[in-house]
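Subject: Structure handover

Hello,

The structure we discussed is below, for your files. My notes on what was found in it follow directly after.

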Amino acid sequence: MSSLFKHSLLVGGLFGGILTACGETSVEDDLDPTPPAPMNVPSQRNPFEGHPELSPEQVIDAKGPRRLSVGQLERSLDVIAGLPVGSIRLPANLALTLGRPDYQTITQRSFEPSPLFMKFMMDLGGFVCDVIWNSDAERPVSQRILSGAGNDEAQARAVWFRFTGIEGEAADASIQGLVEAMNRAGAQPRRRAMAMCIAAATSSEFLLY
């Protein structure tokens with residue numbers, strides 16, 4: 001914020017001549033009146049008074065929404081896809097896209113939800129959802145991730161909860177969006193399941209915090 005400066009222009013004048021007013025008031029008396037009593041201005045209260053001190057580790061760096069880190073994304077997708085921990089490993093040559101430092105062109109981690117990252121997640125979401133669909137074929141119906149829930153809404157709620165942990169009334173608006181994505185994909189079961197899965201995998205509720 002730029003500083004604002006206030007400039008005062010003092011204009012002085014000399015008044016001469018004979019005063020015709022009554023009494024013995026001098027020019028000096030008029031120019032030097034009795035100073036006013038000082039104002040008793042209360043000190044401003046410290047807005048942080050009474051709040052506990054925070055260590056540097058406890059200070060929250062509030063810079064708006066951030067996306068999952070590479071490690072968080074890999075482990076989350078392992079769990080969502082029902083794979084052993086460590087199964088999904090994103091290539092190191094994607095450092096620029098993922099915000100992971102390669103210490104050549106990038107020296108600091110980035111958690112900004114950039115358009116480049118979101119484009120990457122569209123591609124990755126399609127790959128992961130395809131893996132889940134193929135793995136479902138080897139699972140009992142009751143354990144399938146993208147099918148077997150009975151109807152579209154129940155399946156959408158199961159998938160949404162798996163990706164985001166959101167359920168009940170808090171999920172209602174999102175569930176409607178997933179069902180609409182399924183309907184736009186047509187009648188083929190795989191296409192419907194993929195549309196629902198990719199919509200959840202690229203949602204801000206999953207990727208951002």
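Glu74 has a relative accessibility of 2%, so this residue counts as buried, the cut-off being under 20%. Please keep in mind that the model is predicted. Glu74 sits in helix 2, which covers residues 70–81. A polar atom of the Glu74 side chain is 2.8 Å from the backbone nitrogen of Leu90. Leu90 is also one of the residues in contact with Glu74 once neighbours within four places in sequence are set aside; the others are Ile88, Arg89 and Arg100.

Arg100 turns up again in the lining of the largest cavity. The structure holds one cavity of 30 Å³ or more, and the volume of the largest cavity is about 30 Å³. Besides Arg100, the residues that line the largest cavity are Arg67, Ser69, Val70, Leu98, Gly99, Arg109, Ser110 and Phe111. By class, this lining splits into three nonpolar, three polar and three charged residues.

The last item concerns Ala199, which belongs to helix 7 (residues 189–201). Is Ala199 buried or partly exposed? Its relative accessible area is 28%, so Ala199 is partly exposed; that class lies between the limits of 20% and 50%. From Ala199 to Met182 the C-alpha to C-alpha distance is 9.4 Å, with the two residues 17 apart in sequence.

Regards

How values were computed. Residues numbered from 1 in each chain as written. Predicted model: local features only at pLDDT ≥ 70, side-chain atom pairs only at ≥ 80, totals over all residues. Heavy atoms only, no water. 1 Å grid on protein atoms, 1.4 Å probe; cavity = no way out; pocket = protein on both sides within 12 Å on 5 of 7 lines; lining within 4 Å. Points joined across faces, edges and corners; volume = space filled by probe spheres on them. Nonpolar A, V, L, I, M, F, W, Y, C, P; charged D, E, K, R; others polar. Helix = DSSP H or I, 4+ residues; strand = E, 2+ residues; numbered from the N terminus. Buried < 20%, exposed > 50% of the residue type's maximum accessible area, 1.4 Å probe, protein only. Polar contact = N/O pair within 3.5 Å; in protein donor to acceptor, adjacent residues only side chain to side chain. Contact = heavy atoms within 4.5 Å.
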